[in-house]
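Visitor: I have just opened this one and would like to go through it with you. Could you take me through a few local details before we get to the overall layout?

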Amino acid sequence: MRKTLWTILTTIVLSLPFMAQEPLDRDRLGMALEYFQSGKYHEALLIFEKLDKEYTLNARYQAFMGICYYHEWLYEEACQYLDKAIPQLEQFAPHERSVYYFTAGESHFQLQQYAQAIPYFEKALTVCYDNEKGDIHYRLGLCHMFAEQWQEAYNHYDTALDLFLALRDTPDMQARIHQTAHMMKGCEQHLKKDTETAAATQNDGKNEAQNELQNQVKNELQNEQQNVLPTEFITRNITDAIALPSLVSPIDSMPLPPQRIDTSRILPESASKGLKQEKDTIRREVPNTINIQDLYERQVEIKN
């Protein structure tokens, strides 16, 4: 009996060091995945980072780390991991890839790297669900708008508005719907301004060409009179009888885009306070107000 008890105690004592050991690395990886799938990105990232220093994680785990960094608002690190991993993930399911594309696009957007963000958002459109396309077109509109590409921005906002009204016309989306309509009006105003500037430039070119033609005709007539006419006729104003053709620019007759708001005013104050707007005002006639720069700096609407 004593011998049996001694054997049991010896076995327990000898096994204590092994029982106190940390979990194996493959177990820690499993823990990281469980944290990731449950939305505990900070906890998952702590384990991923430790494993990433000791091992070469595959592209999918690197993409997981990129998503964790994004949720921690560490956008540079998110871009670093996602940019590296995404080209190696083409064999995965479409919607899984759409998450990687969208997260990479959002991370570049938050860094104001609009040219890098646009291709990721465009890829996300090809593999995401239909009810997600409105948000992606909205972000593409923002990218083009901040790059002052007004026509492209207008087109994406217009598509986003159609998708919102068709698939997500719910109370929680009304502020975004009104905001998108105002963004469109802001783009229209810039397009009108660009048209007016182009017309003014064309008119300046027309006047310059007309003056050049007048001077050319004057010089030619002076040369001709010096060679043919008596001296007393040279002193008259030879341009008095010249009827120069009027140069008309095609752009003078082009219709201007419809009136739009100042782009510094995006969302009506009433919408930001939760007040209701009439549904028939969504497309064109919505009150003007909220400062887009303030909206961008707060990043409230950008990162859901």
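**Loops, helices and packing**

Guide: A place to begin is Glu148, which lies in the loop between α8 and α9 (150-167), where helices are DSSP runs of H or I of at least four residues and strands are runs of E of at least two, numbered from the N terminus. This is a predicted model, in which local features need pLDDT of at least 70 and side-chain atom pairs count only at pLDDT 80 or more, while totals for chains, interfaces and linings use all residues. Residues are numbered from 1 along each chain as its sequence is written, and side-chain values use heavy atoms, with hydrogens and water left out.

Visitor: What is the phi of Glu148 near?

Guide: Phi of Glu148 is near 60°, a positive value in a residue other than glycine. Glu148 counts as exposed because its relative accessibility is 57%; buried means under 20% relative accessible area, exposed over 50%, and partly exposed in between, with a 1.4 Å probe and protein chains only.

Visitor: And which loop holds Trp73?

Guide: Trp73 is found in the loop between α4 and α5, and although Trp73 is not a glycine, its phi is positive, at about 65°. With a relative accessible area of 47%, Trp73 is partly exposed.

Visitor: Moving on to helix α5, which of its residues are buried?

Guide: Helix α5 spans residues 75-85, and its buried residues are Tyr75, Ala78, Cys79, Tyr81, Leu82 and Ala85. An α-helix has 3.6 residues a turn, so residues three or four places apart point the same way.

Visitor: What covers those buried residues of α5?

Guide: The cover includes α3 (41-54), α4 (59-71) and α6 (94-110), with contact taken as heavy atoms within 4.5 Å.

Visitor: Let's switch to His137. Is it buried or exposed?

Guide: His137 lies in helix α8 (residues 133-146), and it counts as buried because its relative accessibility is 13%.

Visitor: Which residues is His137 in contact with, leaving aside its neighbours within four places in sequence?

Guide: With those neighbours left aside, His137 is in contact with Leu125, His156, Thr159, Ala160 and Leu163. The side chains of His137 and His156 also make a polar contact at 3.1 Å, a term for a pair of N or O atoms within 3.5 Å in which, within protein, one must be able to donate a hydrogen and the other to accept it, and for which residues adjacent in sequence count only if both atoms are side-chain atoms.

Visitor: Now helix α10. Where does the side chain of Thr180 reach?

Guide: Thr180, in helix α10 (residues 174-228), has a side chain that reaches the backbone oxygen of Arg176 at 2.8 Å. Thr180 is buried, its relative accessible area being 0%, and beyond its neighbours within four places in sequence Thr180 is in contact with Tyr138, Tyr157, Ala160, Leu161 and Phe164.

Visitor: What about Glu188, buried or exposed?

Guide: Glu188 is also found in helix α10, and with a relative accessible area of 5% it is buried. Its side chain is joined to that of Tyr154 by a polar contact of 3.3 Å.

Visitor: Turning to packing, at what angle do α6 and α8 pack?

Guide: The angle is about 30°, with the axes 12 Å apart, where axes are lines fitted to C-alpha atoms, for helices over the stretch in contact, and angles run from 0 to 180 degrees between N-to-C directions. That makes α6 roughly parallel to α8, since angles under 35 degrees count as roughly parallel, over 145 as roughly antiparallel, 65 to 115 as roughly perpendicular and the rest as oblique.

Visitor: Which residues make the contact?

Guide: From α6 there are Phe102, Glu106 and Phe109, and from α8 there are Ile136, Arg139, Leu142, Cys143 and Phe146.

Visitor: How do α2 and α4 cross?

Guide: The axes of helix α2 (residues 25-37) and α4 come within 12 Å and cross at roughly 45°, and the two helices are therefore oblique to each other. The contact is made by Leu29, Leu33 and Phe36 of α2 together with Tyr61, Phe64, Ile67 and Cys68 of α4.

Visitor: Last, the overall layout. How many helices and strands are there?

Guide: The chain has 12 helices and zero strands, and 37% of its 304 residues count as buried. Among contacts between residues at least 6 apart in sequence, 61% join residues at least 24 apart.
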